[in-house]
Each structure stands twice: as C-alpha cells, then as structure tokens.
Amino acid sequence: MPGPAESEDGKMGGTAGFFRSRWHGAVSLDRLFWRDLVVVGTAINVASSVVALVLLGLKLPLAVVLAVHFAPVPYNIFLTLAVWRVAEKAGGAKASLMMLGSALWLILVVVV
C-alpha cells in the first residue's frame with residue numbers, strides 16, 4: 001500500500017512528495033537546478049519582491065514588507081541544499097558547477 005505522499009503507481013504526490021523527492025534525489029540534477037531552482041525559484045523571488053515593493057508603496061509597516069520580501073528564503077535554502085545533496089551523489093565537474101551556481105544564486109536572491 002502506498003504511503004501518504006505516494007499515489008497508487010508509487011510516484012510521489014502533493015507537497016510532501018515534492019519536497020521528499022528533491023531531498024532524496026528522486027529528481028534529476030538538471031531538472032532540480034534549471035527548472036526548480038533557476039526558473040521557478042527565481043520567479044517566486046521576483047514575485048515576492050514585487051509584492052513587497054507594492055506593500056511598501058502602500059505604506060504598510062516595514063515589518064510586513066520585510067516578511068513578504070524574505071518569505072521565500074527557507075524555500076531558497078531548501079532548494080540550494082537539495083541541489084548540493086544530489087550533486088554530491090552525481091559527482092563530476094558539471095555537478096560541482098551546479099553546486100557553485102546554486103550557492104551564488106542563493107546569495108543573489110537573498111541580497112537582492
């Protein structure tokens with residue numbers, strides 16, 4: 001019988017399945033780095049920053065603006081660590097470059 005995050009065919013589903021599959025390396029390094037981290041992660045951070053700027057323009061308290069701006073940080077850290085875990089298992093120059101890229105990406109999205 002499948003677990004709570006698995007469907008009948010054994011594939012991970014739902015939010016728990018999303019995080020579990022990335023943490024345990026069930027997703028390819030290319031997909032994890034390029035789609036999840038670079039494309040989706042960056043889009044989430046840009047959207048969060050835009051909403052924070054709108055809230056700032058509406059003169060909401062700075063604490064609310066900062067909370068919205070920094071809300072994606074735990075997700076960013078998760079994605080970066082997931083890339084590192086999968087890259088360590090994969091090995092090679094490409095994996096090392098993706099580890100470096102994910103660390104630089106994390107610094108960039110947290111600072112900007």
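In which helix is Asn76 found? Asn76 is found in helix H4, one of five helices in a chain that has zero strands. This is a predicted model, in which local features need pLDDT of at least 70 and side-chain atom pairs count only at pLDDT 80 or more, while totals for chains, interfaces and linings use all residues. Residues are numbered from 1 along each chain as its sequence is written, and side-chain values use heavy atoms, with hydrogens and water left out.

**Overall organisation**

- Along the sequence, the chain follows the pattern α-α-α-α-α; helices (H or I, at least four residues) and strands (E, at least two) are DSSP runs, numbered from the N terminus.
- Buried residues account for 31% of the 112 residues in the chain, where buried means under 20% relative accessible area, exposed means over 50% and partly exposed lies in between (1.4 Å probe, protein chains only).
- Of the contacts between residues at least 6 apart in sequence, 60% join residues at least 24 apart; a contact means heavy atoms within 4.5 Å.

**Helix H4 and Asn76**

- The 18 residues of H4 should span 26 Å at 1.5 Å a residue, and the end C-alpha atoms of H4 are 26 Å apart, which agrees; the expected span is 1.5 Å times one less than the number of residues.
- The buried residues of H4 are Val73, Tyr75, Asn76, Phe78, Leu79, Thr80, Ala82, Val83, Val86 and Ala87.
- These buried residues of H4 pack against helix H1 (14-23), H2, H3 and H5.
- Asn76 has a relative accessible area of 0% and is therefore buried.
- Leaving aside neighbours within four places in sequence, Asn76 is in contact with Asn45, Trp105, Leu106 and Val109.
- Just after H4, Gly91 takes a positive phi of about 70°.

- Helix H5 (residues 93-111) has 19 residues and reaches 27 Å from its first C-alpha to its last, close to the 27 Å expected at 1.5 Å a residue.
- In H5, the buried residues are Ala95, Met98, Met99, Ser102, Trp105, Leu106 and Val109. They lie on the same side of H5 because they cover an arc of only 130° around the axis; the arc is that of the directions from the helix axis to the C-beta atoms.
- An α-helix has 3.6 residues a turn, so residues three or four places apart point the same way.
- The face of H5 turned away from its buried side carries the exposed residues Ala93, Leu97, Leu104, Ile107 and Val111.
- Helix H2 (29-57) and helix H4 (73-90) are the helices against which the buried residues of H5 pack.

**The contact of H2 with H5**

- Two packed helices are described by the angle between their axes and the distance between the axes.
- The axes of H2 and H5 come within 11 Å and cross at roughly 10°; axes are lines fitted to C-alpha atoms, for helices over the stretch in contact, and angles run from 0 to 180 degrees between N-to-C directions. H2 is therefore roughly parallel to H5, a term for angles under 35 degrees, with over 145 counted as roughly antiparallel, 65 to 115 as roughly perpendicular and the rest as oblique.
- H2 contributes Leu29, Asp30, Phe33, Trp34, Leu37, Gly41, Thr42 and Asn45 to the contact, and H5 contributes Lys94, Ala95, Met98, Gly101, Ser102, Trp105 and Val109.
- The residues of this contact divide into eight nonpolar, five polar and two charged; Ala, Val, Leu, Ile, Met, Phe, Trp, Tyr, Cys and Pro count as nonpolar, Asp, Glu, Lys and Arg as charged, and the others, Gly among them, as polar.

- Asp36 is found in helix H2 and is buried, with a relative accessible area of 2%.
- Not counting residues up to four places away in sequence, Asp36 touches Phe18, Arg22, Arg31, Gly41, Tyr75 and Leu79.
- Val50, also found in helix H2, counts as partly exposed at 47% relative accessibility.
- Lys59 lies in the loop between H2 and helix H3 (62-70) and counts as exposed at 74% relative accessibility.
- Phi of Lys59 is near 65°, a positive value in a residue other than glycine. Most residues other than glycine have a negative phi.

**Helix H1**

- Gly17, Ser21 and Arg22 are buried in H1. They cover an arc of only 120° around the axis, which puts them on the same side of H1.
- What covers the buried residues of H1 includes H2 and H4.
- Just after H1, Gly25 takes a positive phi of about 75°.
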